[in-house]
Structure formats: C-alpha cells, structure tokens
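Please find below a colleague's note on the model shown here.

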Amino acid sequence: MVSKKFLVGIAALFCAASVHAAPVALSSSLSLDNYLTTGLSQNLQVDVNSLLAGSGLSSASIISGSLTVFGYSAADYGLTSSVKQLNYSVDRTTTDCNKQGKCKVVKDNFHVKQFNAKYSDNVVDQMEVRTGATSASDSVDEHLVSNTDSGQIEDKKKRTGSENGGYNYFYNQDINQYDAYRGDLSVELNLDALALNDLVADGILNLTIKSLLGQFNISDVRLDFVAQDAVPPADVPVPTSLLLTGLGLIALATVRRRKA
C-alpha cells in the first residue's frame, strides 16, 4: 500500500511549485503645467523603476497597464466684432431736502456713451494621446456665454438755465459679451502590446501628447499598472515535471504491491 505520508508529501510539493506571487497594483503620476497650441506636441516619459524597486519587483514583472492624461482648456478670447458706440441721454429726477426741511425737485441728466463688444473663443480644443501603436483623443464640451456691464462717470457739470438746478453727468458704459468653449480634457488608453513591451524593457513608458485643435494645458499624467513576480523558485521543480514524477512513483509502488 502506498504510504499516506508519501502521497501528502507529493501533494505539498506540487502545491508549493504552483504558487506564484499575487498581482500587485501600482500607480505613478506626473504633475505638469505644459501649454500646447494647434499642431504642437510633446513627448513625455513615465519612469516606474523606483516604484517597482520599492515593491521588490522589476520591469519584467509588469503584465498590464493603462495610461490617463488630464488637461484643461481655458478660454482664449479674441475680439470677434467691432466695438459699437451708442449715445443717448437719460433724465433722473430726485428730491433734495435741506436741514430746515425745505425740499425741491432736482433734475439731473446723464449723457451716456455706450460701447458694445463681443469676444469669443469658438475653437473646440482637442487633445490627442499616443503610446505604442494606440491613440485616443478628447474635446472640451463646456460652452460658456456671459456678459459684463461696467462704467464710470467721466465728468459732471452744473446745469444752467434751470430753476431746478441739477447736473449734467457724462457717463461711459462698457457692455461686453464673452462666448467660448472651454473645460476639462481626459484621455485614457489601455497599454497595447507595443507600449507594454516598451515599459517592460526598461521600466519607462514613452508617450506623445498633441493639440489637434486649439490650446490647452496638460495638468497630469497617470500610469496604472499590474505587476506579478511569476518566476518559480530555482530549487523547486516545475509543476508538470513534479506531477509526472509523483505519478510515476505512485504507479511503481502499486506494481510492487500487486507482485507481493
């Protein structure tokens, strides 16, 4: 009869040879403030060697990964229509009372010079990211329209020929409209075979960020990846050989038992 201890030992060795280190999820980030405009691109590298060494791993242990690039497009306003001037006058009537309680109606006149202008950024900014043989892009999707109304009194003169007194005010008014596409940009890529091989070779991932249209700032680059030390210990036989050896020993023991 085959010894139970012998069978337990074979099973234990087989299990030990089959055990590999559990996958480790790691992440490396770069904080940037790089500005790109239409047609310009920038090559960047993400080096994860120090991160791997801190976990007792090497670049050869990387098995998968994904790359995410973040950007932001602020409005780049330009004057899109000529400044229009409108002149008009407005009367304002108020009641003025002195310390004795005697009141009179005062009429002021506002001479207004109104300037109207429109500023816009109608370019839908677009960012492209490429690594390995794969590329992807993202466009801004926030359309913002706003208006401002400001002004100041440039001069005032006492009205003459009027029993109600009052002043002539000379007022300049600026009314501006702002119309733009702006907002966040985000591109995510899973590392293809070419990019993964690039990263595994030396622990450095190469990527290119390009402005297909418009202008934006690159704010962050993040590489998320999974590493696993899958090399079996040198003094433990590979599972298939060990299994065959164990089965052979069991068969031999069975044959000897039958002959006996």
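1. R222 is partly exposed, with a relative accessible area of 29%; here buried means under 20% relative accessible area, exposed over 50%, and partly exposed in between (1.4 Å probe, protein chains only). The side chain of R222 meets that of D224 in a salt bridge, at 2.8 Å from N to O. D224 is likewise assigned to the partly exposed class, at 24% relative accessibility. The term salt bridge denotes a side-chain nitrogen of Lys or Arg within 4 Å of a carboxyl oxygen of Asp or Glu.

2. As to the basis of these values, the model is predicted, and local features need pLDDT of at least 70, side-chain atom pairs count only at pLDDT 80 or more, while totals for chains, interfaces and linings use all residues. Residues are numbered from 1 along each chain as its sequence is written, and side-chain values use heavy atoms, with hydrogens and water left out.

3. How many salt bridges does the structure hold? There are 2. One of them joins R92 to D108, with 3.7 Å between the closest N and O atoms. R92 belongs to strand 5 (residues 84-97) and D108 to strand 6 (residues 103-121), so this pair ties together parts that are 16 residues apart in sequence. Strands are DSSP runs of E with at least two residues, and helices are runs of H or I with at least four, numbered from the N terminus. R92 is partly exposed at 40% relative accessible area, whereas D108 is buried at 6%.

4. Helix 3 (residues 193-202) has A195, L196 and L199 as its buried residues. They cover an arc of only 100° around the axis, which places them on the same side of helix 3; the arc is that of the directions from the helix axis to the C-beta atoms. A193, L194, N197 and A201 are exposed on the other side of helix 3.

5. A surface patch of positive charge is formed by K102, K104, K156 and K158. Patches are made of residues with over 30% relative accessible area and no salt bridge, like charges being joined within 9 Å and nonpolar side chains (Val, Leu, Ile, Met, Phe, Trp, Tyr) within 5 Å. K156 lies in strand 9 (residues 142-158) and is partly exposed, at 45% relative accessible area.

6. L207 is part of strand 11 (residues 204-213) and is buried, at 2% relative accessibility. Its C-alpha atom is separated by 8.5 Å from that of Q42, although L207 and Q42 are 165 residues apart along the chain.

Technical notes:
Accessible areas come from the Shrake-Rupley method with a 1.4 Å probe; for residues, only the protein chains shown count as cover. Lys and Arg count as positive and Asp and Glu as negative; His and the chain ends are not counted. The place of a charge is taken as NZ of Lys, CZ of Arg, CG of Asp or CD of Glu.
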